[in-house]
Amino acid sequence: MPRLGTGIGWRPEIADAVEGMPGIDWVEAVSENLCPGHLPESLVRLRERGVTVVPHGVSLGLGGAERPDPGRLAALAERAEALGSPLVTEHIAFVRAGGPLTASRRLEAGHLLPVPRTRDALDVLCENVRIAQDALPVPLAVENIAALLAWPGEEMTEGQFLYELADRTGVRLLIDVANLHTNHVNRGEDPAEALGDLPLEAIAYVHVAGGFERDGVWHDSHAHPVAQPVLDILTDLASRVAPPGVLLERDENFPAAGELEGEVAAIRTAVEKGRATGAPAVGSRAATPPRPGPARAATGAGDAVRQRLALDQTALLSALVAGTPVPEGFDRVRLGVQARALAAKRADVVAKVAPELPVFLGAGYRTAFLSYARRRPMTGGYRRDALDFAEWLLRDGRVPDGAVRREVRQWWLEREGPVPRSRRPGVRWARATGRALLRR
C-alpha cells in the first residue's frame, strides 16, 4: 500500500479550507457524491498539486446478505479511475435488507448497520469482498463501523472477525479508532484488545473523528471535536505499527479552518507520541501476535447461509424503521436509540437533498418528517425519500396552509418522474399555465 501521510476528509463545505491547509498529503471524498465527468474544481486542483484523492463508498453494503450490486461496483471503479486513486474504501456493514431472499419489501437503512460476528456472516462477507475485489481496478480496504447495538449470539470479537476477513480475502483494513472508542462505550469492548487481535500489517490507513456521549451512549457524530480517548487509541495503534496514513473526518458543524488545522496537528502529535515508544516499520507484524478465532475452511456462502442472514437482517432493520417487534435477544432500549438516530439522520439528509422543503415548512419540517418516518420506511435513496415525504404531506393533508401546500405540490410535480423537465417552449408554456391555475 502507498504511504499516504496525513489527510482530511474533503467536503464541499470546507473545500477552500482544505486547499489552503498546510501539510495535507491526501484527501478522501465520499464516492456517491462525485460525478466522474464533472469532478469538483477543488478536487481537480488538489490532484494537479499531487494530492492523492481516495474515493470512500458508503452504500455498497458488503455485509448485507445479497451479493454486491454490479452497478454500484462499476460506479466505484469509475470514480477510482477518474481520480487516479491508489485504492478505494468501503464499510463492513449492511445498509439494506429484504427483497427476493426474504420475499419481502426491500428496506433501506440510510445508515451503516453492524454485521453479526458469526461464521455465517463472515462467509457471506468474505465472498462479497472477493466479488468486489474482482470488479475494482485498484485494491480495496474495508472499515470497521461504530455500533449502538450488539447482535445476540456473536461468535467472535471484532479483532478476530477482522483478522479472519483479512486472512481469507487479502483485503486491506481501514481502521477507525473513533469507532473503536464508540464500541468501547456502547458495547464494553476493550480497544486495546481489539488492536491486539488485528492483523496490523493489513492496515491501509486510519480514520479519526469526533463524537459525543449522552445518557451513557456514544454517538459517532463526525460533527464534534476529536475526544482525547480517541487520540489515546490512535497513540496505542501507532505504538504497535506505523500506519501508512491517518485522516481526520468531519461531516457536519464545520468549524473555522484554524480549528480544523488544530485537530490535524493533534492527530500528528498522537501518532508521533506512539511512534516514540518504538512502533515497528510499516508492514511489519505487531509485537503481540494476533489471536484469530477458530479455523474454518474458506468456502463460498451458499444460498441457505445467505437466506438465514437475510432473514435476521430484515427482522432487525424492520424493527428499526418500520416499528415491527424487536427480534429476540436485542436490547430494546438500545434498539430504540438506534431507531431514533436513523430517523434523525433521514431528516437531516433529506433537508440537504431537498433544501426547499425545510424552507416551505419552516420550524414544522422536522416534526413532520419524523412523523412521516415512523410510518414510512425508506425503500429507495434519499431523493426518493424526499419525494415520498412531499407526497405524504399532500395526500394526508398535513399542510393546512394553502400557500405552503401549493408550494409543496408544485415542488413535487416538478421533480416527480424519471426524466428531467423539458425545456421546449411549448412544454414550458404549459407548465407556466399549470402554475397559474394552481395559484387560483
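Student: Which strand do four bridges join to strand 1?

Tutor: This is a predicted model, where local features need pLDDT of at least 70, side-chain atom pairs count only at pLDDT 80 or more, and totals for chains, interfaces and linings use all residues. Residues are numbered from 1 along each chain as its sequence is written, and side-chain values use heavy atoms, with hydrogens and water left out. Strands (E, at least two residues) and helices (H or I, at least four) are DSSP runs numbered from the N terminus, and two strands pair if DSSP finds at least two bridges between them. Four bridges join strand 1 to a strand that runs parallel to it, strand 12 (residues 245-248).

Student: Which residue is the bridge partner of Gly-7 in strand 12?

Tutor: Strand 1 covers residues 5-9. In strand 12, Gly-7 has as its bridge partner Leu-247.

Student: Why is the pair of Tyr-372 and Phe-389 tilted?

Tutor: Rings of Phe, Tyr and Trp (its six-membered ring) pair if their centres lie within 6.5 Å; planes under 30 degrees apart count as stacked, over 60 as edge-to-face and the rest as tilted. Trp-26 and Tyr-205 are edge-to-face, at 4.6 Å and 70 degrees. For Tyr-372 and Phe-389 the centres are 5.3 Å apart, and the pair is tilted because the planes stand at 50 degrees.

Student: Is Phe-389 buried or exposed?

Tutor: Buried means under 20% relative accessible area, exposed over 50%, partly exposed in between (1.4 Å probe, protein chains only). Phe-389 has 0% relative accessibility, so the residue counts as buried.
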